[in-house]
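Subject: Structure for your review

Dear colleague,

Please find the structure below, together with its sequence. I would be grateful if you would read the notes that follow with the structure open beside them.

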Amino acid sequence: MPYTTICLTPAQPRQASSTSPARSVLVIYTGGTFGMVYDPKASQLIPFDFEQVLDRVPELNRLDFQINITMLSEIIDSSNMTPAIWVELAQLIERNYTQYDSFVILHGTDTMSYTASALSFMLSGLNKPVILTGAQLPIGVARSDARENFITALEIAAAQIDGQPIVPEVCVYFNSLLLRGNRSTKQESVQFNAFASENYPHLANAGVSIDYNRPFIRPVDPGQPLTVQTNLDPNVAILKLFPGITPIVVEAIVLNPALRGVVLETFGAGNATTESWFLDMLKAAIERGLTIFNVSQCEGGRVTQGQYQTSKRMAEIGVVSGADITTEAAITKLMVVLGQEQDPARVSTRLSQPISGEMSL
């Protein structure tokens, strides 16, 4: 996917006593609510020319680091996000990895947690910040949250101590909170506090100052080179259980020969019906080579297979426990692991272990 790069703000001159090199942030604009303005002629919101972002956010001129902007040629609504675009984003970061200290991705909110999760698994050995942010109200609206989200995401991306980034991982910043990307989920569509991380602490809270929760941030590993995983397998599905689910619904998904993996959203701590038809279908699917990844429908808590009789049998037939992983992280992790592994046993082993802090053992 072609893209163009715009030099937005040159690094401001540093004090004579400073020996630190100028920091640089590459902003990747993908689309979404953030970049909309009101067109009085059409009486509707339309995408604005992002080259004019300084007109909308003049505060960017006050930041003391260089900001360049890259725009994908096809600006999308995040509902149209695909694994192919995740690959493009990962490759874009890889190509620019040595030229920039950090990256900010402007993204629509609806699938932001999916993209953050996918990138966290695809960018193996990442030692620089990749911060995703966006807005609930367009930048062209007077009460928009876009300016604060964008400016603070940039400041977090550029933040360093002793020349090392403070947050060297994929994160979501929104409404004063910095969250680990693969622990985030969108919880609100009408309030500014759109994202939550129920099973992992916030990495930072931006008030008058930005307070970092250092013990929960992944440390820099300078000896680890960046490698990008670009082979994702989209032959996966999500099956959410509900009382009264019928055999025809389950069969249509778990016995579909085209699928290699299913995220099974179960009740509470990983529980499901003990009806024989249900367990027999899961067993037949696993024996055929399907990987079934058990995650909880609850926003908080974790899957504990075997704690109750209703989940003990699933553990026995080979359903993989997702512990406290989110559905967004589970489905993207499944795509990445299936893209790397062909052996179902290897897939199950890798799913059960954390890759980039997405689950607790």
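Helix α8 is mostly covered, with 13 of its 14 residues buried. This helix spans residues 327-340, and the distance from its first C-alpha to its last is 20 Å, close to the 20 Å expected at 1.5 Å a residue. Please keep in mind that the model is predicted.

The sheet

Four strands form an open sheet in the order β18-β19-β20-β21, with parallel pairing. Strands β18 (236-240) and β21 (320-321) stand at the edges and have a single partner strand each, so one side of each is left without a neighbour in the sheet. Helix α5 (residues 247-254) packs on this sheet, where it touches β18 and β19 (261-266). The direction of α5 makes about 160 degrees with that of β18.

Strand β20 (residues 291-296) deserves a separate look. On one side, β20 pairs with β19 in the parallel sense over six bridges, and V263 stands opposite F293 in β20. Strand β20 is also joined to β21 by two bridges, and these two strands run parallel. Here N294 stands opposite S321 in β21.

How many of the six residues of β20 are buried? Six of the six are, so the strand is largely enclosed by the rest of the structure.

Aromatic rings

A search of the whole structure finds five aromatic pairs. One of them is formed by F34 and F150, with 5.4 Å centre to centre and 85 degrees between the planes. The arrangement is edge-to-face because the angle between the planes is over 60 degrees. F34 lies in the loop between β2 (24-29) and β3 (36-39), while F150 belongs to helix α4 (residues 146-158), so the pair ties together parts that are 116 residues apart in sequence. Are these two residues buried or exposed? Both F34 and F150 are buried.

A ring also takes part in a contact of another kind: the charged end of K128 sits over the ring of Y97, 4.5 Å from the centre of that ring.

Yours sincerely,
A colleague

Notes
Residues numbered from 1 in each chain as written. Predicted model: local features only at pLDDT ≥ 70, side-chain atom pairs only at ≥ 80, totals over all residues. Heavy atoms only, no water. Phe/Tyr/Trp six-rings, centres within 6.5 Å; stacked < 30°, edge-to-face > 60°. Buried < 20%, exposed > 50% of the residue type's maximum accessible area, 1.4 Å probe, protein only. Lys NZ or Arg CZ within 6 Å of the ring centre and 35° of its normal. Pairing = 2+ DSSP bridges. Contact = heavy atoms within 4.5 Å. Axes fitted to C-alpha atoms, helices over the stretch in contact; angles between N-to-C directions. Expected span 1.5 Å × (residues − 1).
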